[in-house]
Amino acid sequence: CGTGAMTRSLARRTHFAGKATGVDQSPHFVVAARRFAQDEGVTSRVDFHVGDAHNLDFPDGSFDVVFAHTLISHVTDPLAVLREMVRVLRPGGTLAIFDGDYASMTYGHADHELGQRMDVALVTASFNNPRIMRDLPRLMPDFGLKLQEAWGDAVVEVGSGSYFKSFVETYAPYITKAGLMPTDTVDAWLAAQRRSLADGTFFAACTYYTYLAQRSVKPDSY
């Protein structure tokens, strides 16, 4: 759940009922989430715990809704996390997953061939499971899930950049650390991105998806 931004956003809704629980491996994030919840006056509606999404410390069927927001693309074992999310979801409950199809992430560059290689390197260095959103519709039935609704959103920045600027400045250095591309190549590509931001010719895009699925009310078969 990180610092609990999405959990707190849900809890602040006037029609929200019940209690939302967030889990993160980082004790620092959990402390921050609790502090923000107190500042926002939603402590009675939220609870945050240190934990691992691969092995959740909750009984079977504990929750009416389970959601993962930009989580499953990062975890070590997405299938183990999906299995745990289904386990703690009551039969008939709703599983919501929002994440990026990061294999679609692309930055504009005059050299298309180099740009494509850099796109792949950047995504490989940044995400454990960049194509997981393509896999989930096929995998869900194996976990007793029926996809109810799905939609996509294209996040695009043209001319100027905020999200993609921050992303590339943060993660481009990991390309060389991972040994995926030479340092001078990465530096030259990054310099080109900075120039495009300065002169208003920047381009970057990625597609994100939301899936809503229902857990089967039949006995577990996965």
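Predicted model: local features only at pLDDT ≥ 70, side-chain atom pairs only at ≥ 80, totals over all residues.
1. Let's start inside. The largest nonpolar core has 24 residues, and those touching the most other members are Ile-72, Leu-82, Met-85, Leu-95, Ile-97, Leu-136 and Leu-145. Two or more residues each come from β3, α3 (78-87), β4, α5 (132-139) and β6 (202-215). Helix α3 gives the largest share, four residues.

2. Setting aside neighbours within four places in sequence, Leu-136 is in contact with Ile-72, Leu-82, Ile-97 and Tyr-211. Of these, Ile-72, Leu-82 and Ile-97 are, like Leu-136 itself, among the residues that touch the most other core members.

3. On the outside, Met-6, Val-65 and Phe-67 make up a nonpolar surface patch, and their accessible area together is about 240 Å². Phe-67 belongs to strand β3, which covers residues 63-69. Phe-67 counts as partly exposed because its relative accessible area, 34%, falls between the 20% and 50% cut-offs.

4. Arg-90 sits in strand β4, residues 89-107, and is also partly exposed, with a relative accessible area of 34%. Beyond its neighbours within four places in sequence, Arg-90 is in contact with Gly-61, Phe-63, Asp-64 and Arg-215. Asn-128 is 38 residues from Arg-90 in sequence, and their C-alpha atoms are 28 Å apart in space.

Definitions and conventions:
Residues numbered from 1 in each chain as written. Heavy atoms only, no water. Patch = residues over 30% accessible without salt bridge, like charges linked within 9 Å, V, L, I, M, F, W, Y side chains within 5 Å. Areas by Shrake-Rupley, 256 points an atom, 1.4 Å probe, with all protein chains shown as cover. Salt bridge = Lys/Arg side-chain N within 4 Å of Asp/Glu carboxyl O. Buried < 20%, exposed > 50% of the residue type's maximum accessible area, 1.4 Å probe, protein only. Contact = heavy atoms within 4.5 Å. Core = buried A, V, L, I, M, F, W, Y, C linked by side-chain atoms within 4.5 Å.
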